[in-house]
Amino acid sequence: PPAATASDEEDDSDSSTKPIRSEKKKNPASLFQTGGDPPKEKKTKKKAPPKAAESEEETPETPQKNSNKKGKGKKSKKAKEERPPSPVIEVDNLEEFVLRPAPQGVTVKCRVTRDKKGMDRGLYPTYYLHLDNDKKVFLLAGRKRKKSKTSNYLISIDPTDLSRGGENFIGKLRSNLMGTKFTVFDNGANPDRANADWSNVRQELSAVIYETNVLGFKGPRKMTVIIPGMNADNERVPIRPRNDNDGLLMRWQNKNMDNVIELHNKAPVWNDETQSYVLNFHGRVTHASVKNFQIVHGSDPDYIVMQFGRVADDAFTMDYNYPLCAVQAFAIALSSFDGKLACE
């Protein structure tokens with residue numbers, strides 16, 4: 001029999017064929033659990049009730065839009081004027097905040113601005129990440145290092161100090177020679193300088209793999225994002241490779257996925273009306289761009305782990321959810337700007 005197409009029947013057909021999946025969907029956190037015991041029944045769906053003023057209009061809207069659209073992302077015309085702002089997020093200690101996973105049930109909404117002004121900024125722009133709310137709280141800055149053989153971006157918690165040696169250095173993004181695979185590190189030490197128990201060695205926070213499609217990089221890109229899994233206390237499992245053969249990229253290539261989660265970008269849908277590939281960004285993205293993407297887990301494509309998209313020539317929105325932290329999301333966004341991939 002032909003598959004049911006009516007949107008109200010989709011849920012039934014889903015649950016009958018994949019009962020296990022629909023159970024899981026109730027708690028997206030379980031998708032990212034890898035280490036230790038099963039999730040403790042801490043219902044940590046913080047919907048931030050005291051601060052509901054801003055986030056209220058948004059919370060009910062998001063799930064419905066997704067469940068009946070099933071990825072037929074028509075960009076809604078209405079949403080262009082108003083980008084829903086970020087819920088109130090307390091950034092008490094910046095260094096701690098940018099490495100901490102987003103609270104469950106809260107989308108951290110940010111803005112990335114690209115600064116090309118100044119002598120070499122045309123070639124080496126500086127990227128700034130701010131919370132997308134009234135206060136425009138600064139979170140991170142990133143810039144490509146000049147003398148590096150491969151693309152190498154430093155990420156800092158100080159907008160003016162982007163030096164490798166400074167105490168504001170919080171992470172880096174490094175590409176392979178082809179510029180198609182990237183690894184994100186925190187600010188720990190190189191394995192050559194490990195202390196006895198290895199605890200000072202840098203962690204790998206993410207890896208990003210870009211595949212070309214038949215159009216090269218001109219059509220929708222395919223991205224695979226690899227992140228460490230979460231343990232039973234909803235903390236990131238530390239991945240501290242001892243050498244290059246032990247990193248996230250090699251684990252993924254060797255299909256050794258213990259404590260590692262694989263994510264992908266959601267495939268955009270061709271829209272005849274606009275003659276372009278589209279995704280539904282719920283009003284958070286206003287300009288078409290091959291750089292626009294949404295990252296999802298294969299088992300629950302309605303739960304957007306991260307989305308990124310253009311809103312002006314040098315401004316982008318970047319929203320991330322549990323289990324990503326700001327450094328992971330910002331570095332994934334920076335990888336999409338890289339020269340080898342750029343085609344606009």
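Are Asp132 and Arg284 buried or exposed? I looked up both, in what is a predicted model. Asp132 is buried, and Arg284 is buried as well.

**Entry 1: the Asp132 pair**

I checked how these two meet. Asp132 and Arg284 form a salt bridge, with 3.0 Å between the closest N and O atoms. Asp132 sits in the loop between β2 (126-131) and β3 (138-144), and Arg284 in the loop between β11 (276-278) and β12 (293-297), so the bridge ties together parts 152 residues apart in sequence.

**Entry 2: the other salt bridges**

I ran the search over the whole structure. It returned seven salt bridges.

I then took Asp314. It forms a salt bridge with Arg114, and the closest N and O atoms are 2.7 Å apart. Asp314 belongs to the loop between β13 (300-312) and β14 (315-320), while Arg114 is in strand β1 (residues 108-115), so this pair links parts that are 200 residues apart in sequence. The accessibilities of the two partners went down next. Asp314 is partly exposed at 27% relative accessibility. Arg114 is buried at 13%.

Asp115 is buried at 16% relative accessibility. Lys117 is exposed at 65%.

**Entry 3: strand β1**

Seven of the eight residues of β1 are buried, so the strand is mostly covered under the 20% cut-off. I listed its pairings. β1 and β14 run antiparallel and are joined by six bridges. Val108 stands opposite Tyr320 of β14. β1 also pairs with β2, again antiparallel, over six bridges. On that side, Asp115 has Thr126 as its bridge partner in β2.

**Entry 4: cysteines**

How many disulfides does a search of the whole structure find? I got zero. I checked two cysteines for burial. Cys110 is buried, with a relative accessible area of 0%. Cys325 is buried, also with a value of 0%.

I went on to Tyr320. Leaving aside neighbours within four places in sequence, its contacts include Phe97, Val108, Cys110, Met306 and Cys325. Ala326 and Ala329 are also among the contacts of Tyr320.

Why is α7 described as largely enclosed? Eleven of the eleven residues in helix α7 (residues 326-336) are buried, so the rest of the structure largely encloses it. Among the buried residues are Phe330, Ile332 and Leu334, and also Gln328, Ser335 and Ser336.

**Entry 5: two asparagines in loops**

I placed Asn200 in the loop between β6 (181-186) and β7 (204-211). Asn200 is partly exposed, with a relative accessible area of 27%. Which backbone atom does its side chain reach? I found the backbone nitrogen of Asn195, at 2.9 Å from the side chain of Asn200. Beyond four places in sequence, Asn200 is in contact with Gly188, Ala189, Arg193, Ala194 and Asn195. I also took one C-alpha separation: Asn200 and Arg240 are 40 residues apart along the chain, with 9.3 Å between their C-alpha atoms.

Asn234 counts as buried at 18% relative accessibility. Its side chain makes a polar contact with the side chain of Tyr322, at 3.0 Å.

Note on methods:
Residues are numbered from 1 along each chain as its sequence is written. This is a predicted model: local features need pLDDT of at least 70, side-chain atom pairs count only at pLDDT 80 or more; totals for chains, interfaces and linings use all residues. Side-chain values use heavy atoms; hydrogens and water are left out. A salt bridge is a side-chain nitrogen of Lys or Arg within 4 Å of a carboxyl oxygen of Asp or Glu. Helices (H or I, at least four residues) and strands (E, at least two) are DSSP runs, numbered from the N terminus. Buried means under 20% relative accessible area, exposed over 50%, partly exposed in between (1.4 Å probe, protein chains only). A disulfide is a pair of cysteine sulfur atoms within 2.5 Å. Contact means heavy atoms within 4.5 Å. A polar contact is a pair of N or O atoms within 3.5 Å; within protein, one must be able to donate a hydrogen and the other to accept it, and residues adjacent in sequence count only if both atoms are side-chain atoms. Two strands pair if DSSP finds at least two bridges between them.
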